[in-house]
Each structure stands twice: as C-alpha cells, then as structure tokens.
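Student: I have a new model open on my screen. Could you walk me through some of the terms used for it?

Tutor: Gladly, let's take a look together.

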Amino acid sequence: MPTPKSPRLAELPSLIWQFTKSDFSTFVLPNTGFGLLATFSAPSLTDCTDGIAVWALLLRGLPCMLIFNWGNLLAFDLANQRLPESIREDSMNKPWRPLPSGRISPIVTRHFLLGVVPAVLAVSYALGVGNESALILILTWMYNDLGGGDELTRDPIIAAGYCLFLVSSLRIAITPRFHLSQCGYCWLAMIGGMVLTTMHIQDLKDQTGDRERGRKTWPLVLGDKVSRRWLTGAILFWSLASVTFWNTPPWVSLVPICMGIGIGIIVMRGTDDARAWKLWCIWQVVLYALPSLSQWL
C-alpha cells in the first residue's frame, strides 16, 4: 500500500483554514469576544482590582486569545473530521472540506493531529492556561473517539468545553495570575447552563444528516416540535435571567430580550434554522457584553 502523500508546507495555511472555517465565526470569534468584553469588567468577574490597559489588551491579549482558541479548535476539528462517519457526512454536506475533497487523507490527518496536540498544549502552557487546554483535549477525545458527540452526552460535553474556552480567554486577557471571583463563577455557570439548554439549536438544521448517521440529538430524541418550544422558552429565560443578574438598565435589557424573542419566532417557524443558529451566536455575544455594560453605565 503506497504511503499517503503529505501536503506541502505552503498548503498548510489553506488546509488549516478549511478544517476550521465552519466553526471560526461561530466559535473562535465569540470566545475571543468574551475575553475582550469580560476584561472590561475584570474587577467584577475576577480578583483583579485594576483595569486593563486597552492597548495592552489589543496588542498582547487579542492575538494570544485568537491563537489559543483557534489552536484548540484545530485539534478538535482534526479529531472530528478524520472519522469515517464524518467524512461520509461531509461528502454530502460540506464537500469542500479537505478530507472529502481529497486534499488530505485520513492517515495524514491523524499524523497532523499527533503534531498539533503537543504543539497546542505547549502554546497553552506558555500562555498560562495549559490545564484548561488539557481538559479541552480530554473532552475532544470523549466527543470524537469515544463517540460522545453521537449520544445525549453531546451537549454536556460542548457546554463544559465552552466554559473552559471562555475562562481561558479571560485569564489570557488579564494574565493567568488572577482568578475568577464568586460572581465570575456564577456568571460562568449561567453561561454553561445557557449553552447546555440551548446549544441544540445548531442541530435543527442537521436533522436529516444526524438521523442517517444515527446521532442522538435532542430534536431527534424529543421530537422537532418539543425541541423548538423548549428552545424558545429557554432562550427567553436566559435573556431575562442574565439582565436580572447584572441589573442592567431597561434600555440595555431590551436588546438581548428582543433578540431572544426574535430567535424564538424564527425557531418556531422552522423556515430558516441556519439563520437562527447564526443569530444565536450573536445573541450569545450580546449576553457576554452585559457585565461590562452593567459596570460602566
């Protein structure tokens, strides 16, 4: 059997982008946005009593947060997309990805992953969040190689991963010597609950492929109508809970609440689930801004 051809060094940036393209705007950017926005309310969320200089945040914190989030996402996507069932699914839904398009083989992807994992760990430890990255890689293993992403453990794993990405982004931004305060832990727990109970909004648009793959998602287990009603109620609940927790002014509170109502209407109509998923990601970032708005307004 011939040895699979490895991609040239000049092709790596393009390959990395294609592996992570689908999740960059809905995962890397929101997580980095959380770090940026939470930094402005660091005295509330952490034991850091001083403000963070904006220029230091933009010049040092922002690039480091992007590197951390993108690197750990790359490890996840390599582990996920190399699986045979993922390649079959992507051949139908995302044929432009590196594996179904034939740009790289599963064996070479595995070799790539073997190099990416220690590199990501080393970079994360250099940034002061190595423990968090190690836990993220364990969740990646559980989700992909242990099949947790095809069971009802899918959303709990994703919610735990989200929390680790978010707290890492914040610690990178304010430097790792600071730690979350009691208020910070409460807010992180609320975000984890929000993700856990609403994350399956991304599964609404993928029900056909998930059914063929045998994946257990809440829309397939509970039924489409029940899942949509649950999502509509949960999104509105977390909108109200978040503005109440941060005691934001009424005109600020209206933004996430109205967004939540709008997303709920789109979900209940069921005519544009892809749009509902993208709006959910924006709604998420709006919630991330509440601590800063509460502190400065």
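Tutor: Leaving aside its neighbours within four places in sequence, E89 is in contact with K94, D210, R213 and R215. This is a predicted model, where local features need pLDDT of at least 70 and side-chain atom pairs count only at pLDDT 80 or more, while totals for chains, interfaces and linings use all residues. Residues are numbered from 1 along each chain as its sequence is written, and side-chain values use heavy atoms, with hydrogens and water left out.

Student: What makes K94 a contact of E89?

Tutor: Contact means heavy atoms within 4.5 Å, and K94 is among the residues in contact with E89.

Student: Why is E89 called buried?

Tutor: Buried means under 20% relative accessible area, exposed over 50%, and partly exposed in between (1.4 Å probe, protein chains only). E89 has 13%, so it is buried.

Student: Where is E89 placed?

Tutor: E89 sits in helix α4; helices are DSSP runs (H or I, at least four residues), numbered from the N terminus.

Student: How do you know that the buried residues of α4 lie on the same side?

Tutor: The buried residues are S86, I87, E89 and D90. They cover an arc of only 165° around the axis, which puts them on the same side of α4; the arc is that of the directions from the helix axis to the C-beta atoms. The face turned away from that buried side carries the exposed residues R88 and M92.

Student: Why is the largest pocket said to lie between the domains?

Tutor: Domain 1 (11-184) and domain 2 (198-291) both give residues to its lining, so the largest pocket lies between them. Those bounds come from an automatic or database domain assignment.

Definitions and conventions: Helix = DSSP H or I, 4+ residues; strand = E, 2+ residues; numbered from the N terminus.
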